[in-house]
Amino acid sequence: INDKPTNHIPIMPSMAVGIVTAAMGFLYGKVLGLSVNAVWKTLPSWLLARMRTSAALNPTIFITGICTFGGLLVGILSLLF
């Protein structure tokens with residue numbers, strides 16, 4: 001009696017693909033977290049410190065400007081690549 005299956009997926013390549021995919025997802029999450037922190041926390045704090053006045057940073061203008069810049073960047077990159 002042959003106990004070995006004849007139709008089986010090779011385990012080692014499947015494990016390698018899974019490990020690489022998990023590492024890529026982990027790194028993507030870390031980079032995304034750093035980017036969100038930089039754009040929505042660090043950048044406003046830096047801008048407020050550079051203003052040297054007691055004026056507040058208008059969130060409406062900041063959010064609109066960041067979204068417009070992001071759209072412009074995506075548009076330029078889609079034209080280039």
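A pocket is defined, on a 1 Å grid over the protein atoms alone, as an open set of points where a 1.4 Å probe fits, with protein on both sides within 12 Å along at least five of seven lines; lining residues have an atom within 4 Å of a point. Grid points are joined across faces, edges and corners, and a volume is the space filled by probe spheres set on the points. In the present predicted model, local features need pLDDT of at least 70 and side-chain atom pairs count only at pLDDT 80 or more, whereas totals for chains, interfaces and linings use all residues. Residues are numbered from 1 along each chain as its sequence is written, and side-chain values use heavy atoms, with hydrogens and water left out.

The chain contains two helices and zero strands, assigned as DSSP runs (helices, H or I, at least four residues; strands, E, at least two) and numbered from the N terminus. Of the 81 residues in the chain, 4% are buried (under 20% relative accessible area, with exposed over 50% and partly exposed in between; 1.4 Å probe, protein chains only). The accessible surface amounts to about 7,400 Å², and carbon and sulfur atoms account for 74% of this area, as computed by the Shrake-Rupley method with a 1.4 Å probe.

The largest pocket has a volume of about 180 Å³. Its lining consists of Ser35, Val36, Val39, Trp40, Ile66, Phe69, Gly70, Leu73, Val74 and Leu77. Helix 1 (11-51) and helix 2 (59-80) are the elements that give two or more residues to this lining, and the largest share, six residues, comes from helix 2. By class, the lining residues comprise eight nonpolar, two polar and no charged, with Gly counted as polar.

One aromatic pair was identified, the criterion being ring centres within 6.5 Å (planes under 30 degrees apart, stacked; over 60, edge-to-face; the rest, tilted). Trp40 and Phe62 form this edge-to-face pair, at 5.8 Å centre to centre and 85 degrees between the planes. The pair links Trp40 in helix 1 with Phe62 in helix 2, 22 residues apart. Trp40 is partly exposed, at 38% relative accessibility, whereas Phe62 is buried, with a relative accessible area of 12%.

Key
Rings of Phe, Tyr and Trp (its six-membered ring) pair if their centres lie within 6.5 Å; planes under 30 degrees apart count as stacked, over 60 as edge-to-face and the rest as tilted.
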